[in-house]
Structure formats: structure tokens, C-alpha cells
Number of protein chains: 2
Amino acid sequence: MKISLREKRRRQTALDIQRATLDLAREYGFDQVTTDAIAERAGVSTRTFFNYYTNKEAASVGHPLGLPEEAKRAFEAGNRLLSEDLRNLMAAHLEQIEDMQDIMQDMIRLARDHDRVKRLLDQFLAGLVEELKASLALRMPDAPDDLRRVLADWVLTGLGHAITDWVGSDHMSLQAAFKREWEVQSRVAEILLESRDG
Amino acid sequence: MKISLREKRRRQTALDIQRATLDLAREYGFDQVTTDAIAERAGVSTRTFFNYYTNKEAASVGHPLGLPEEAKRAFEAGNRLLSEDLRNLMAAHLEQIEDMQDIMQDMIRLARDHDRVKRLLDQFLAGLVEELKASLALRMPDAPDDLRRVLADWVLTGLGHAITDWVGSDHMSLQAAFKREWEVQSRVAEILLESRDG
DNA sequence: GGCATCCATTGCATAGTCTGCAATTATTGC
DNA sequence: GCAATAATTGCAGACTATGCAATGGATGCC
């Protein structure tokens, strides 16, 4: 309940602007789109556009969702198998994303052609890694730093692949894509273990 | 261009509230719906609800569109056959309404069961009649008052029927419904003339 | 090079909107 | 007639959006 009505409206406007940006970029090409045009399409003044985003690139990426707080806390306090709790945490995160396939699609497509957009996305992903590392630090305080780092990396790389698969095909749910990715990674893990054992 | 960004947003909010009202009424029945619930569904505070509408009934009817100013002026200055110019004026008005079939549907259904809503709708229709009378007064200043009154009545009764037909069946366009109604009325007019002649 | 133009970006003052709260007034079921 | 619930309204303050004007960068043309 911490999202006030104002915050809610704020998010909506931010989304409207992002949507406008992506739509115009798709229609005319990112470089042809002016901030004025975006503002107009979104139904706000140019000034307001800049109240929300520092530039077109930022607008096209929007304000991506972090890990859901609630699930994060559950994870940090969790006591089941680590991999299981991790899967739950990620599932909660995926759920948030699930109904933005169209936006994701445009965003990723855009990132392919525009480094500055791609960089923003990468930065955001890096932020998620940090977030997960922080949670892992609480969940397994005694584990060495680099283990947590690799683990967080591992999971979020999976997320990235899953999202890419998902936006590429409309018959697969994000959850399914992630599950598949997770399985692939698990198999890799097994192989690594075999070689260690052998 | 007279609609500022603020005015635009205002209209959107007014629409959101109306939509919320109609949706909730459909889901739970008009009488079970509280203003609080409407405000929450619409994403505004209760106070804001009352900034837009004086009560539930008003919210469910919204701020219906009057005759489009531009077309009205064209009509007033028109010099073709009166019936022709009238049809054009109405066509312009219908065009405005065309893409609100869902709202209309809920509104009319609601009006069937709720006198206070029905009264508002009737009042609104009466307002349209006045508007048209005023335009007719400019278009044909020399015609007697009661002739203009009957004419305006005649046209807007037709509009009412057309809208009812339209919301009742989704395969017919509003324009088509009005055309059909217009033809029926024309036939009636012919019959009246015949009897006069005979 | 230098100028004109278009667009991005920012600061600032102001107008306008939304909200929380509390008080007042119906309405309704019992 | 009395609670309880819902509808309304006033008000002051918090917050947001906007217009405008200024600055700076980039581009393209003479």
C-alpha cells in the first residue's frame, strides 16, 4: 500500500511517455523522433518530458522494475534449498514483467540498433545483479564474495536469455522461457561437476 | 487547438472516472457501488471524484459531447438543401460518438433501470435539441419558432433511436443506423404530405 | 570560418490540480 | 429514533505541469 495515488499517476505518465517513445521510434526510426514529438504523442509538455527522463534513450528504457521487495525479503529469510528459493524469487520477478511483452519487444529491438539504449539496458541489468548480490549477502553471509557474485551473474544471465527468447516468440510464456533456461544452466552445472569429479 | 494539455488530461480523467463507474455498476449493480469504490478504481481520491462529478449518476453519464462547433457553424452558414445540410451536421456529430459504443451501451443499459440516470440522459438530449434549435434559428431566421422546434425534435428523436439501435447490435455502424432512421422518418413525412394533398 | 537553424536541455515562476482531513448532511437498516 | 454507512463539501497545503526564455550543441549551407 505504499504507492500513493500520486505515485501511481506518476508511474502511469512515465509509462505513457515510454510507450510514446517506443511507438514513434518504431514508426519513424529512433533518430527521427524529437523530444517534442514524444511529448506531444504522450500528451504532456516538452518540459514535463524532461521532468521524467533526461533524454530519449532513458525514455525508451523507462523505469524498469527491480526485484519485488516482498519476494526479496522472503528470499533473504528463506530456509529451504537455495536453488529453490532462488527460483521463487525469480518467479516473482518474472510475474511483474509478464504483462509488458510489447514494451519489452520494442525496447530490445531498439537496443539492437542503438548503443546508447543498449548501454542503458545493460546498466539496468547490472543493477539487478547488484540487487541480487545484496540479497544473497543476507541469505548466505558466510559464503565468499566471489561465489555470490558468480551466482548472481549466473541467474541474471539466465534471466536475460529468457527474456530474449520470450519476446522473440509469442507462444511461450516468460515463466516457461526462464524454466527452460534454468534447466540448460543446470545441465551445464552438472557437466562442470562431472569434470571436477573425473 | 483550443484544448490545452491540461484540458486534455482533465477529459481523460473524467472519462476514467466514468469508465470506472460504469464498470463497477455492471459488476456489482449501481446501488452497491460507493463513490469511494469508484474513486479507487479510477485511481483518484474520493475528493477528486467530487471535483469532477456531483454524484454517481453524473459520473455514469459523464460529460457527453455536444454538436461539434465547426460543423455547427458550417451548418448555420450553409446554403444547400436544408435536409442535406442537416444530414451533414448530424453526420459530424455521429462521428464523434462512433468510437464510444461500449460506454454508450453501459450508459443506456443503466438508464433503463435507474430513473435518475435516465433523467440525466434525457436532460442531455434536451440540451442537444436546444443547441440544434439555436443553430436552426441562425440558418432559417424567418421560419416560425414552432417549425424549428418540431424540426429539431424530429431530428434528435431520430438520433436517439439510431443510438439505441446501434448499441443494441454490434454489426451496424452508428452512421448506418442513423441513415436507416432518417429514411423511416422521411417515409412518414411523405405519408403526411399525401394525406394533406388528398 | 561564420551564420542560421533545429533540437536538446535546463531554470524559474506560476497556474493549476490532487489530496488528506475534518466537518456536515443524507440514507438506511434495525 | 439510533447507530452505522455513505455522500458531500470546504479548506489549506503538497505536488505537478506548463510556458517561457536562455543556453549550448550539431548540422548544413554560403
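Buried area is the accessible area, found with a 1.4 Å probe, that two parts lose on being put together, summed over both. The views below show a predicted model, in which local features need pLDDT of at least 70, side-chain atom pairs count only at pLDDT 80 or more, and totals for chains, interfaces and linings use all residues. Residues are numbered from 1 along each chain as its sequence is written, chains are lettered from A and ligands numbered from 1 in the order in which they are written, and side-chain values use heavy atoms, leaving out hydrogens and water.

**View 1. Two domains of chain A.** Chain A splits into domain 1 (5–61) and domain 2 (69–197); such bounds come from an automatic or database domain assignment. The C-alpha centres of the two domains lie 28 Å apart. Their contact (heavy atoms within 4.5 Å) takes 14 residues from domain 1 and 10 residues from domain 2. Between them, about 1000 Å² is buried, and carbon and sulfur atoms give 70% of this area. A:Arg19, A:Glu57 and A:Val61 supply 45% of the area that domain 1 buries here, more than any other three residues.

**View 2. Salt bridges between the domains.** A salt bridge is a side-chain nitrogen of Lys or Arg within 4 Å of a carboxyl oxygen of Asp or Glu. Domains 1 and 2 of chain A share 4 salt bridges. A:Arg26 forms a salt bridge with A:Asp106, with the closest N and O atoms 3.4 Å apart. On the domain 1 side, H1 and helix H4 (56–61) of chain A each supply at least two residues. Helices here are DSSP runs of H or I, at least four residues long, numbered from the N terminus. H1(A) gives the largest share of that side, 7 residues.

**View 3. The protein surface near DNA strand C.** H3(B) gives the largest share, 4 residues.

**View 4. Atoms meeting DNA strand C.** A polar side-chain atom of A:Thr35 lies 2.7 Å from a phosphate oxygen. A polar backbone atom of A:Thr54 is 3.5 Å from a phosphate oxygen. B:Arg6 places a polar side-chain atom 3.4 Å from a base nitrogen.

Notes: Polar contact = N/O pair within 3.5 Å; in protein donor to acceptor, adjacent residues only side chain to side chain.
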